[in-house]
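Thanks for passing this one along. Here are my notes on the sheet and the charged pairs, point by point.

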Amino acid sequence: MIDMKTIVVPGEQVADKPVNSFGVYTYNNKTYSKQLGVLYSVEHIKVVPLTGKYMPKEGDQIIGLVIQEDLYGYILDIKSFRLPYIHKRSIKTELKVGDLVLCNVYFVNEIKEASIDILAKLETGMLFEVSSKKVPRIIGKHRSMISLLEKYLGSKIIVGANGYIFAKGGKLNILKDALKIINKYSYVDNLTEKMKVYLENIKWGINMSEKEEWYFNSKGKRFDDRSQFEHRPIKLKVGVIKRADGSAFVEWGQNKAIAAVYGPREMLPKHLADPNKATIRYHYRMAPFSVPDRKNPRPGRREIEISKVSSEALSKAVDLKQFPNTTIDVFVTILDANAGTRITALIAGSLALADAGIPMTDLVAGIAVGKAGGKVISDLNKHEEDAPDAVDLPIAMLPNTDEVVLMQMDGPLTEKEFYEVLEVARKSCHEIKDMQIKILKEKYKDNFGGDAEWNNIFTNQN
Ligand code: CDP
């Protein structure tokens, strides 16, 4: 028998007799777990899921986030697999995208669609998110955890059964850390007691302003804690697809792009060949699973457009004249997307070209700069790109000459703002190019840094 409170996986045996309980199934007189979860086996056996979507239940009090507005109503994100639609005529207050509302689930139909009433609009506070499966631990027995947090931090906290938590006042920065801890260690015994010790021991941070804005907090930090011109962390890798002539993998924040280069090789169909130079065929694709709504695998207009402008950008860097009548195929697939994927892809493509040994005058580096929440910023994430006043300005350059090889823009900027973000983009491109150089050189460092095996071969041959 497994010990009390162990983590179990789907199909793992949890009892050697049939038990009818939560999160388990029986087969051949034995009981197995149905999901990744924590097995409780004190009074009776049950498996509590560690993660998963919110399943609405009648009577639940939840917090919704307005994510879309049309003529007749609003669509709310309630962290479930169906998004409820609220008719404007059924509510008194006017809402806008980004507003938070406290709701009551009054009916759930057979396809788990929640019908909700809006109880109140939540203003001047901060939104936190935990897995809906952790909500019982956040609340604690008889509200013990919430009372503790409210008492120690002086915040007013509203916990939505769907895992959205709204808080105002008090030490919100400490609450943020405390919620992260509870979310992570939800299965630990006596969590409330442990949290009490944690709260007593930590040094109090600066009191954050109550008036948190949607895109910037009072300290000018962005929603994901970045400053105005800070880009998300970037990780590069080359030589990830052995079959290809050159390849690369780029992680830019949540964005992930994998690129493979084949060529120069004969252009087929032949009539597309250019007798004067090579043609770069760039194939930007989004994997169906890379975005929240399944992306149709057939290339859409957006992918065709991105492929065209990216191929033009890379053509500026590659010495095409050396390979008449040929094609250089650059395939880039986005595996995970959170705004800025065309640039992530282009950096991967440029690295893969260099990795394939294609002659280039420079590497292509880039970044998307722009505006959200009234301020110019660099490297917009999806949340910022969806701002009502968002401007997205992806830029790619050849850093040696600062020649701009890709620039697109989907909103207005003043001349001053434009030159401000252009300079930020230029600096970032230089920084990214240094990273590209480092990763390309690293691949061969053993061959020139006295690799033992190579040295042996060399000495033996002499
Ligand atoms: O990715 P990038 O910013 O270069 O291009 P975009 O057209 O401005 O798209 C912005 C973001 O929208 C993408 O990065 C994806 O996160 C998202 N998107 C999506 O969810 N579904 C699509 N079919 C296309 C884009």
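1. Which residue stands opposite Ser 247 in β17? Ser 247 stands opposite Ala 260. Strand β16 (residues 246-252) pairs with β17 in the antiparallel sense, over seven bridges; two strands count as paired if DSSP finds at least two bridges between them. Strands here are DSSP runs of E with at least two residues, and helices are runs of H or I with at least four, both numbered from the N terminus.

2. A word on the ground rules. This is a predicted model, in which local features need pLDDT of at least 70 and side-chain atom pairs count only at pLDDT 80 or more, while totals for chains, interfaces and linings use all residues. Residues are numbered from 1 along each chain as its sequence is written, and side-chain values use heavy atoms, with hydrogens and water left out.

3. Now the sheet as a whole. Five strands form an open sheet in the order β15-β16-β17-β19-β18, with mixed pairing. Because β15 (234-238) and β18 (279-286) stand at the edges with a single partner strand each, one side of each has no neighbour in the sheet. From one strand to the next, the twist averages 15°.

4. Two helices lie across this sheet. Helix α5 (residues 301-315) lies across β18 and β19, at about 140° to β18, whereas α8 lies across β15 and β16, at about 35° to β15. Axes are lines fitted to C-alpha atoms, for helices over the stretch in contact (heavy atoms within 4.5 Å), and angles run from 0 to 180 degrees between N-to-C directions.

5. On to the charges. A salt bridge here is a side-chain nitrogen of Lys or Arg within 4 Å of a carboxyl oxygen of Asp or Glu, and by this rule there are 29. One of them joins Lys 256 and Asp 336, with the closest N and O atoms 3.3 Å apart. Lys 256 lies in β17 (residues 255-266) and Asp 336 in β19 (residues 326-336), so this pair ties together parts that are 80 residues apart in sequence.

6. Helix α8 (residues 415-443) holds both Glu 423 and Lys 427, four residues apart, or about one turn. Their side chains meet in a salt bridge at 4.0 Å, N to O. Glu 423 is partly exposed at 32% relative accessible area, and Lys 427 is exposed at 54% (buried is under 20%, exposed over 50%, partly exposed in between; 1.4 Å probe, protein chains only).

7. Finally, a network of salt bridges links Arg 222, Arg 226, Arg 232, Asp 379 and Glu 384.
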